[in-house]
Amino acid sequence: MSTTPSADAIVVGAGPAGAAAAFHLASAGRRVILLEQQQSPGQANPCGGGMAASVQRWFPFDLSPAVDQVIRRVRFTWALEDPVTAELPGDAPFWIVRRRVLDAFLSRQAQEAGAELRCSSPAEAIGREDGLWQVRLAGGETLRAPGLVVSDGSGSHHAGALGLGPARPRFASTVSVEVDGPLLEADTARFDFGLVHHGFCWAFPRQGGTSIGVGTFIGQQSADANAVLAALLPNLGLPPDAGQRRSGRLRIWDGHHPLHRDGVVVAGDAASLCDPFLAEGLRPSLMSGSRAGQALASWLGGDSQALAGYSAAMRHDWGDSMAWGKRIAQVFYRVPKVGYQLGIKRPTAPQRIAQILSGEMGYGDIAQRVIRRLLFQRG
């Protein structure tokens, strides 16, 4: 058996986190193999595609070619009524992207930096031997490298097996729809908290259509998604049966867990970083992928504390806010009508949520006041 490394690092999964990690590793001069199980990056990823424009800070190249729409305001409703609108701060605070476009764009950037992209290459098994990570592909080939990034999405089979992230991930259930057609308001993202039991639905405008989703964040999908969509779509000026439904699961944040071991890091949805309240997944994916790639490059360069530093930084910069987001979600989604009236309808609340979506504020900045209000002011 050969013990010659195939590369300095292998990245499993070419979604936003994996492509970001591969780019930063390759930019640091590391030999990288980026594995994608589909025929092309982003091919089978249902995703609303919303992300804060602040993600630009993690990349030295312009992300705007991957941006489909710029969102200027967010509208909240209760059962499609009682609207509240918040203007988003900044010049370009929230972007809508198509995952197929974003993933392909980031993968090209990684390739231009020197990474090797291999599509139709699912990783069937991962182990470690003689100081090298061994990744066996579906065709029988085994790749070897001292460094490894696990970024294979919400359905990851490898993160838990390697002791990375939560042993028993918590999931939100989703149904997503892509509908082509005219837009009512091209610069407005919509969230409705009254149609879905223990969750919400959303509508994000994109070029030539709308990305629509239904999510349940406590327990299993209890809402009839088709009934929800039949009510929501006409409200958007669309036929009630428009679009093809796709079911999925979001692997949401559920506590602090190690995101590294010796020579390996987990990033993106595989690390269970998705926001448990507003379902934001792209910003933590790009944040963790970028930092994972940088940390692994430093570790390969001899910094023995770099990977522990990655886990610590993600806990401080994302996990601490998500801990408060989880507490808000647990209270809000159990009494959503009360939550809407005491939370969303308050004069300052929509702007606070807009600041959270834009990355300017974390849940910890508002959590104690919000939770106290929901628990003790229901009457």
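**Entry 1: largest cavity.** I looked up the lining of the largest cavity and found Pro182, Leu183, Leu184, Glu185, Thr188, Arg190, Ala203, Phe204, Pro205, Thr210 and Leu236. I note that the model is a predicted one. For this cavity I have a volume of about 110 Å³. Two strands, β14 (188–192) and β15 (199–206), each supply at least two residues of its lining. I asked which element gives the largest share of that lining. It is β15, with three residues. Sorting the lining by class, I get seven nonpolar, two polar and two charged residues.

**Entry 2: second cavity.** I searched the whole structure for cavities of 30 Å³ or more, and the search returned two. The second largest cavity holds about 40 Å³ of space. I list its lining as Arg170, Phe217, Ile218, Pro276, Lys326, Ala329, Gln330 and Tyr333. Helix α5 gives the most to this lining, with three residues. By class I record five nonpolar, one polar and two charged residues for the second largest cavity.

**Entry 3: α4 and α5.** I then turned to the packing of α5, residues 306–332, with α4, residues 282–300. Their axes are 8 Å apart and the angle is about 160 degrees. Angles over 145 degrees count as roughly antiparallel, so I put α4 down as roughly antiparallel to α5. I have the crossing of these two helices as right-handed. On the α4 side, the contact is made by Arg283, Pro284, Met287, Ser288, Arg291, Ala292, Ala295, Leu296, Ser298 and Trp299. On the α5 side I find Ala306, Leu307, Tyr310, Ala313, Met314, Asp317 and Trp318. The residues of this contact divide into 12 nonpolar, two polar and three charged.

**Entry 4: α1 and α2.** Is the crossing of α1 and α2 left-handed or right-handed? I have it as left-handed. From α1, the residues Pro16, Ala19, Ala22, Phe23 and Ala26 take part in the contact. They meet Arg99, Leu102, Asp103, Leu106, Ser107, Gln109 and Ala110 of α2. I count by class eight nonpolar, two polar and two charged residues in the contact of α1 with α2.

Methods. Residues numbered from 1 in each chain as written. Predicted model: local features only at pLDDT ≥ 70, side-chain atom pairs only at ≥ 80, totals over all residues. Heavy atoms only, no water. Axes fitted to C-alpha atoms, helices over the stretch in contact; angles between N-to-C directions. Helix = DSSP H or I, 4+ residues; strand = E, 2+ residues; numbered from the N terminus. Parallel < 35°, antiparallel > 145°, perpendicular 65-115°, else oblique. Left-handed = near helix turned anticlockwise from the far one by under 90°. Contact = heavy atoms within 4.5 Å. Nonpolar A, V, L, I, M, F, W, Y, C, P; charged D, E, K, R; others polar. 1 Å grid on protein atoms, 1.4 Å probe; cavity = no way out; pocket = protein on both sides within 12 Å on 5 of 7 lines; lining within 4 Å. Points joined across faces, edges and corners; volume = space filled by probe spheres on them.
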